Amino acid sequence: MQLGMVGLGRMGSNMTRRLIRGGHQLVVSDLSSEAVKKLAGEGASGSVSLLDLVGKLKPPRAAWVMVPAGDPTEQTVQQLAQHMQSGDVIIDGGNSYFKDDVRRAKQSKEKGIHYVDVGTSGGVWGLERGYCMMIGGPKEAVQRLDPVFQTLAPGKGQIPRTPGRDKLGGTAEEGYIHCGPSGSGHFVKMVHNGIEYGMMQAYAEGFDIFKNAVSKDLPQELRYDLNLPDIAEVWRRGSVVSSWLLDLTAMALTESPTLSAYEGFVQDSGEGRWTIQAALEEAVPADVLTAALYVRFRSRQQHTFAEKMLSAMRQKFGGHVEADAAQKSA
């Protein structure tokens with residue numbers, strides 16, 4: 001099907017490529033004319049403005065917004081809504097706050113425009129691996145976009161089937177689900193990222209304990225000079241704590257056992273804070289997730305090996321560059 005893609009950053013450009021490979025027709029837009037030109041050379045149709053992009057889409061139109069959360073997304077959605085018509089669909093695939101989705105969905109509905117929010121996980125690896133998607137919005141709009149979701153999703157792959165899953169149906173096994181009304185997709189992705197913080201922190205602290213097992217403060221007979229890359233690698237094979245995050249950890253440690261390329265300055269992208277806020281509003285204790293968020297705050301003042309581990313994992317799965325490193329290279 002035909003789709004407009006607004007925002008050609010790391011994920012937007014790779015999602016465009018995956019969709020083109022899947023036989024879809026893409027009209028692309030970005031503040032960078034070079035980014036548009038590059039994707040046009042790979043099979044997309046370029047546009048010089050949002051108005052131009054909308055004009056090149058056939059009704060009922062669908063435009064996917066993949067720009068930074070906050071003001072950039074707000075402005076892009078509002079501008080698209082000015083040019084689009086009843087029956088068209090605006091998809092926000094970034095990391096927007098779910099309450100903003102609810103507000104924008106109401107505004108769009110007044111014009112007859114459908115608003116769909118898609119929590120998207122996959123990072124810089126999504127082009128080949130596919131993207132896990134958590135979708136919120138009107139059922140009719142989500143169903144119409146199903147060919148797009150099918151192409152972007154990882155599919156069943158080699159993951160063993162959960163016992164009894166064959167009786168449940170749905171698209172979860174394909175790597176995407178319709179969570180519910182507008183806002184629910186980003187709500188589920190928000191908590192997903194909060195959990196991600198906790199998982200990353202657990203790995204980071206564990207490997208920090210390994211690194212310091214050779215401390216001079218310990219009795220000589222209790223000191224262990226451990227091979228961290230080997231520990232990460234062996235855990236990947238049959239361990240109950242194996243995961244894709246551990247795969248990426250093993251990769252980072254193999255490249256640099258001391259993680260010397262990382263300062264340990266760990267950013268938080270917003271979802272962790274929003275997850276804790278949701279827990280407060282629901283009166284749900286979230287001890288681990290809250291502590292993991294606070295560690296990221298602390299990392300901007302002092303850096304431990306655990307924080308270097310967090311930086312390494314973020315760089316591996318999402319291409320995130322430390323603020324300190326980015327400033328040094330500027």
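Visitor: Where does Gln-301 lie, and what makes Gln-301 count as exposed?

Guide: In this predicted model, Gln-301 lies in the loop that runs between helix 13 (287-298) and helix 14 (305-318). Its relative accessibility is 70%; exposed means over 50%, so Gln-301 counts as exposed. The C-alpha atom of Gln-301 is separated by 9.7 Å from that of Gly-264, 37 residues apart along the chain.

Visitor: Why is His-114 called buried?

Guide: The relative accessible area of His-114 is 16%. Buried means under 20%, and therefore His-114 is called buried. The residue is found in strand 6 (residues 114-121). Leaving aside neighbours within four places in sequence, His-114 has contacts that include Asp-88, Ile-90, Glu-140 and Arg-144.

Visitor: How do you know that Leu-226 is partly exposed?

Guide: Leu-226 has 35% relative accessibility. Partly exposed covers the range between the 20% limit for buried and the 50% limit for exposed, so Leu-226 counts as partly exposed. Leu-226 is found in the loop between helix 9 (184-211) and helix 10 (228-235). Together with Leu-218, Leu-222 and Tyr-224, Leu-226 forms a nonpolar patch on the surface, with about 350 Å² of accessible area together.

Visitor: Which residues touch the most other members of the largest nonpolar core?

Guide: That core has 30 residues, and Met-5, Trp-64, Ile-91, Val-116, Met-133 and Phe-149 touch the most other members. Another core lies apart from it, with 24 residues, among them Met-200 and Leu-248. In soluble globular proteins, nonpolar side chains tend to be buried together.

Visitor: What makes the pairing of Arg-104 and Glu-74 a salt bridge?

Guide: The N to O distance between their side chains is 2.5 Å. A salt bridge requires a side-chain nitrogen of Lys or Arg within 4 Å of a carboxyl oxygen of Asp or Glu, so the pair qualifies. Arg-104 in helix 5 (residues 98-110) and Glu-74 in helix 4 (residues 71-83) are 30 residues apart, and the pair links distant parts of the chain. Arg-104 counts as buried at 2% relative accessibility, and Glu-74 is buried at 18%.

Visitor: How are Arg-298 and Glu-307 classed, buried or partly exposed?

Guide: Arg-298 forms a salt bridge with Glu-307, the closest N and O atoms being 2.7 Å apart. At 33% relative accessibility Arg-298 counts as partly exposed, whereas Glu-307, at 0%, counts as buried. Elsewhere, salt bridges that share partners join Glu-74, Asp-92, Asp-100, Asp-101, Arg-103 and Arg-104 into one network.

Terms used. Residues are numbered from 1 along each chain as its sequence is written. This is a predicted model: local features need pLDDT of at least 70, side-chain atom pairs count only at pLDDT 80 or more; totals for chains, interfaces and linings use all residues. Side-chain values use heavy atoms; hydrogens and water are left out. Helices (H or I, at least four residues) and strands (E, at least two) are DSSP runs, numbered from the N terminus. Buried means under 20% relative accessible area, exposed over 50%, partly exposed in between (1.4 Å probe, protein chains only). Contact means heavy atoms within 4.5 Å. Patches are made of residues with over 30% relative accessible area and no salt bridge: like charges are joined within 9 Å, nonpolar side chains (Val, Leu, Ile, Met, Phe, Trp, Tyr) within 5 Å. Accessible areas come from the Shrake-Rupley method with a 1.4 Å probe; for residues, only the protein chains shown count as cover. A nonpolar core is a set of buried Ala, Val, Leu, Ile, Met, Phe, Trp, Tyr and Cys residues joined through side-chain atoms within 4.5 Å.
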